[in-house]
Amino acid sequence: MAKKRPQTKAKRPQITDGEVPVVGAREPCPCGSGRRYKACHGRAAAHAVTELVHRPFEGLPGECDWVALRELVPAATVELPLKGGLPDGVPSLTLATVLPMAWPALRRDDGSVLLGLQNDTASGDISRDLADTLQRALTAEPGTPVEGRRAPADGPRLQDLLDPEGVFEPVVHSGFEFWVPDSENATPDVAASLERANAAAIPTAKLTGVDAAYWCETPDKNHLRWVMPHPEEQLLDALARLHAAGRSNLGEGTRLVGSFRAHGLTVPVWDLPSGVGADDIEKPAAEFAERLAAALASDAPLTADERRARGGLTNRQVTLS
């Protein structure tokens, strides 16, 4: 009886991680491991796309205002400066909270670009998704919107494209007329989208005396929502010190009611009487900023009253992102 020849496995070529091409999730991995792509090198690629970036706007000028415009402000625009300046044929680049038809971006007929901020994103890194949309908008045909897509995991982020020395100065609008230079000649779809957006917009104003604080008006009461850059634990301790001492309000009839978490930052919220407008709260907010700075500088252990106040603030905290 003839002997069976011993089975030998041919050596597969060695491929480094950087050389492995992307294939279908159920196809054999090109690295030669014998496993499907999704269970081999595709796993790291998928993780890179879905991993949540805790502070996507960190390092950008105006990080707190980026968060506010993403989560809190209905209608606002900001002129964005690119590293090296704008390319030929693009007279301006404007960040907008929302665009008509929920477009991620729009290249206008004159070549200018509008980039929408309040859109669903396909990955866990808003900065990378926005950068991908921005790059495609800069080269899109004038007069066309830019559709959303999943950004490449190794693509640039906003921090790579925007001028780090540029200023970030939001302009808050009462409505969305900035969408179209000539609203009378807007298409029916855009006109209908504009009407719906204006009807839903909550009156909002940005305070001028402190950073990233936004007043808004609602039917029952008004609010001040203030995005702060301080580490969360340190800020909650400071707010608890002021709250326990009866110094956390912004004047008669106002009350610190809790805070949001949004994109790695904390957003304290105050209830205001319906008659208190944005101008009325400017001076109290500036005075509160001074009290908060002093409380942030303290490293003394919290007292029993302060611990109770901190617990109350923590229990009323809501995470937006």
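This is a predicted model: local features need pLDDT of at least 70, side-chain atom pairs count only at pLDDT 80 or more; totals for chains, interfaces and linings use all residues.
**View 1. A mixed sheet of six strands.** Welcome to the open sheet, where six strands line up in the order S7-S8-S9-S11-S10-S12. Their pairing is mixed. At the edges stand S7 (204-206) and S12 (317-319); each has a single partner strand, so one side of each is left without a neighbour in the sheet. From one strand to the next, the twist averages 25 degrees. As background, the strands of a sheet pair through backbone hydrogen bonds, in either a parallel or an antiparallel way.

**View 2. Strands S9 and S11 side by side.** Here you meet S9 (residues 222-226) and S11 (residues 265-272), an antiparallel pair joined over four bridges. To find your bearings, look for arginine 225, which stands opposite valine 269 in S11.

**View 3. Two helices and the sheet.** Helix H6 (residues 232-244) lies across S10 (255-262), S11 and S12, and runs at about 25 degrees to S11. Helix H7 (residues 278-297) also packs on the sheet, where it touches S7, S8 (213-217), S9 and S11. The direction of H7 makes about 40 degrees with that of S9.

View 4. Is leucine 52 buried or exposed? Its relative accessibility is 64%, so leucine 52 counts as exposed, the cut-off for that being over 50%. Serine 123 is 71 residues away from leucine 52 in sequence, yet their C-alpha atoms are 7.7 Å apart in space.

How values were computed
Residues are numbered from 1 along each chain as its sequence is written. Side-chain values use heavy atoms; hydrogens and water are left out. Two strands pair if DSSP finds at least two bridges between them. Axes are lines fitted to C-alpha atoms, for helices over the stretch in contact, and angles run from 0 to 180 degrees between N-to-C directions. Contact means heavy atoms within 4.5 Å. Buried means under 20% relative accessible area, exposed over 50%, partly exposed in between (1.4 Å probe, protein chains only).
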